[in-house]
Amino acid sequence: MAPIDPHSFTDSTHPLTTHVSLTLYFHFPSSTIHATALLTLQTPLTGPLSLDTRSLSIHKILDPATLTPLPFTLSSSEHPIKGRHLTVSLNNNSSVLILYSTSPSSSALQWLSPPQTFKKIHPFVYTQCQSVHARSVFPCQDTPAARVCYSAKLNVPRQLSGVMSARHCGRHDPVGTDLDGVLTNEESGFGFDLKSLWCEEGRVVEEFVMEQPIPPYLFAFAIGELGFRELGPRTRVYSEALDGVLDAAAREFAGTEEMIRQAEKLFGDYDWERFDLLVLPPSFPYGGMENPRMVFLTPTVIKGDASGAQVVAHELAHSWTGNLITNKNNEHFWLNEGFTTYAERRIVEVVQGEDIAALNSGIGWKGLNEEMERFKDNMEFTKLKNNQEGVDPDDMYSQVPYEKGFQFLWRIERQIGRPAFDEFLKKYIATFKFKSIDTQTFLDFLKANIPGIEKDIDLQLWTEGTGIPPDAHEPVSKLYIKIVSLANDFKLGRMPREDEVADWKGQEWELYLENLPKAVEASQVLALDARYRLSESKDYEVKVGFFQLAISSRCRDYYGEVEKTLKEVGRMKYLRPLYSGLVQGPGKEEEKILAKRVFAEARECYHPIAQGVVEAIFAKHM
């Protein structure tokens, strides 16, 4: 076997999948999907085909031309990262049809009962497939190297509707012909009659198609009682059909079309037709997920001052860097995130101004330095190109690929000048669009298009070296210097005056808090909050930053608020530092008891990926 990805069973000697056709029947009472997947390969294959699965029951695998069974094996044990290895024996086949069901423990899916949703009336389900979780929704070559087009029919309760990272083709009453070519009348293979279930009263079928090849981690759907608001000619914002959430989201993201236009000036035409947004329930584990045509967002980015649009700028930038050009596997993740962080800041600079972009970069710089401390015992994870054999990408997720990647590209820009770098970026995107590449491919392209760059910048040190290179650059602006200076004054016992912070929004406070000492006197924490009410901020970046200071200062007055926060949001950016703060370090018995109790009570409200991350923190420190 010749693997092409440390996180996949995909064999480089096998033809890659080019198209997947799915029929998905959603059974909410059991939190399962009964499904068929028709996989089409680049070329016919005789011999074994390796596929990735996790928590799937494989009922039957058929030759789609004849609907006769194909022999297959599923590894008896589950690999902790890769899942189960499905091997199908082919005889000059260029496609396979797989009948299967998901399980309630699917790592990509979160099934929300009505009480866990905003409206508390109907259930909700959504996917989060990055990095290695598409395999828990359908059997596939779950590596970014295998880009696929797909079509899907989603059979859902009539009062619900669906969205996908694909074009919506229509909504119709279910009919038996929906399953033509994937089920025989005599034998469904499921142990029950799927055709009868499919055509039951009270169901509806939503159809979607994605005609551009995407990596499997960008496969996405969400199903619930959804509403939307129009934002512009190519953007709607969706959420549960709740006026308060929809109206707040529409205000926060009102400038999206202007962002798209500015991004097109920088990077070329937007290739995905629509740029719709979906605000998910609070359990969504990330700030945003760049699913093409349908970006998923946490409700915590709705801050009331339009600053949450920066997350939208990041996900929009992915439309070029990440979605059009994709890292070949997670060892080259910086190609997705470093480029996108650079592109996001260029968009923010144009739309919101240089000061805000510099603040954004300054917060990133502080975060990058903190990651060096986090990984001091495993400096491999501070490299841009790193070895992830045997490593769960969710466990090592960090700011390094984002911020060190940004610093590398910014270093190249400073060397050759912005106009030349802009030309290089456009050429890079045009050359590699709809391809998955690795770091060496990028470096070869860089050296070919900017001759002599390797004499001016140590490319190997930047991509394969540990730590922060000496020619990295702390971003500075007048506002940045002022905020850091005020944070330094706090160490000397001086709190900022109200006139000094009168026009501060969330980002200014976030940078201020990040530059305070890790621990101060509890009385200082209380005094800061008494004056500025940071614990009551509507901006979670500020509130959580303040709670981190409170925890590290053992200011137990705020533990009740920390508990409340951990129970109301599932975004890992907040769970990670709060749980880590509670359990890391000596003499934290009271805090550890609190953390374990809160997690036990909140666990079911977290996405499976977030559950795993908190469990890994506990395993390391308790």
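## Tyr402

Tyr402 lies in helix H7, residues 400-416 (helices, H or I, of at least four residues and strands, E, of at least two are DSSP runs, numbered from the N terminus). This is a predicted model, in which local features need pLDDT of at least 70, side-chain atom pairs count only at pLDDT 80 or more, and totals for chains, interfaces and linings use all residues. Residues are numbered from 1 along each chain as its sequence is written, and side-chain values use heavy atoms, with hydrogens and water left out.

With a relative accessible area of 10%, Tyr402 is buried (under 20% relative accessible area; exposed is over 50%, partly exposed in between, with a 1.4 Å probe and protein chains only). Not counting residues up to four places away in sequence, Tyr402 touches His314, Phe333, Glu337, Gly338, Thr341 and Tyr397 (contact means heavy atoms within 4.5 Å).

## Annotated active site

An unreviewed UniProt entry lists Glu315 and Tyr402 under "active site"; positions follow the numbering used here, feature names are shortened, and annotations may be inferred rather than shown by experiment. The two span 88 residues in sequence, yet no two of their C-alpha atoms are more than 12.8 Å apart, so they gather at one spot.

Glu315 belongs to helix H4 (residues 309-317) and is buried at 4% relative accessibility. Beyond its neighbours within four places in sequence, Glu315 is in contact with residues including Phe275, Gly288 and Met289.

## Annotated binding site

The "binding site" feature of the unreviewed UniProt entry includes Gln128 and Cys129. Gln128 is found in the loop between strand E8 (124-127) and strand E9 (148-157), and Cys129 is placed in the loop between E8 and E9. Gln128 is buried, with a relative accessible area of 1%; Cys129 is buried at 2%.
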